[in-house]
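Here is a short tour of the pockets in this protein. Have a look at the sequence and the model before reading on.

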Amino acid sequence: MDANDLSQDALATGLPPWIRQVRFFQEVDSTNRVAGTWAMNGAGHGSVVVADYQSHGRGRLGRTWLSPKGTGLLFTVILRPKLARERFGLINLAAASALCRAFVLLGLDPKVKWPNDVQIGGKKVSGIASKVSGDAVCLGIGVNVNQTAFPDEIAGTATSLRLETGQPHDRAAIMARILEALDLTPEQILPSFRPWCVTLGSPVRVSLSSGTIEGVACDVDASGALIMCSGEVISAGDVVHLHQGGVEAR
Ligand code: BTN
């Protein structure tokens, strides 16, 4: 089988038992949108939408997620979690931890910028954008797998598994490893997340809808929110890590 094969058959290989069904599209607007509709129509926990290409990939905070055909891993898992709604933020943290554990198997040293930017050497390799659809969470994951270059605007801040390891990777196999690692109980999520998260213990600037705060990040709470050492609790925001001199780090 072609190592970059992302057909329905390739995707069905090696999946963990909790994955019920996978729908593959050569092209969609956004796997998150397709999964949202499917969830509203009753798709069960463990249903997955995968695409080779998205014409309108959605990122966090209204951003877009771009990935040329044949290069990225773009999928959305429908979850019906046994969690109170106010703790759904934990799902993004579980996903970040699962991505790190999948990338370590490739010999890499991934880190997470809270809440869920997975980085290698300070450059973003994967992003997570989830949305609630009824009582389901549609967990959207984008991984830069086989890109060999990025557009100028993001070339300094983005990387791919191929660039970091010097070799191409099988997208279907990587998805299977991520889904395997995602099978966490609620109690396991925070202990599995904290060790990857470089934000904890770091001086940060956080952009909020209400303004900006700076300080040292201390921990995450039971809902996945960031706790600053000053006591402030941040449930959503854009974090920049600061060097001690106040200069922005990637
Ligand atoms: C981010 O902004 O960092 C999150 C990016 C998430 C992108 C993924 S790609 C698969 C899924 N479908 C989407 O439209 N978005 C997510």
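Which residues lie nearest the centre of the second largest pocket? They are Gly89, Asn92, Ser130, Ser235 and Ala236, from a lining of 24 residues.

## Ground rules

This is a predicted model, in which local features need pLDDT of at least 70 and side-chain atom pairs count only at pLDDT 80 or more, while totals for chains, interfaces and linings use all residues. Residues are numbered from 1 along each chain as its sequence is written, and side-chain values use heavy atoms, with hydrogens and water left out.

## The second largest pocket

This pocket (an open set of points on a 1 Å grid over the protein atoms alone, where a 1.4 Å probe fits, with protein on both sides within 12 Å along at least five of seven lines; lining residues have an atom within 4 Å of a point) holds about 410 Å³ of space. Volume here is the space filled by probe spheres set on the points, which are joined across faces, edges and corners.

S6 gives the largest share of this lining, five residues, and helix H3 (89–104) also supplies at least two. Helices (H or I, at least four residues) and strands (E, at least two) are DSSP runs, numbered from the N terminus.

## The largest pocket

About 860 Å³ of space lies in the largest pocket. Of its 39 lining residues, Arg63, Thr64, Trp65, Asp117 and Lys124 lie nearest the centre. Elements giving two or more residues to this lining include helix H2 (31–40), strand S3 (72–79) and strand S12 (238–241). Here too, S6 supplies the largest share, five residues.
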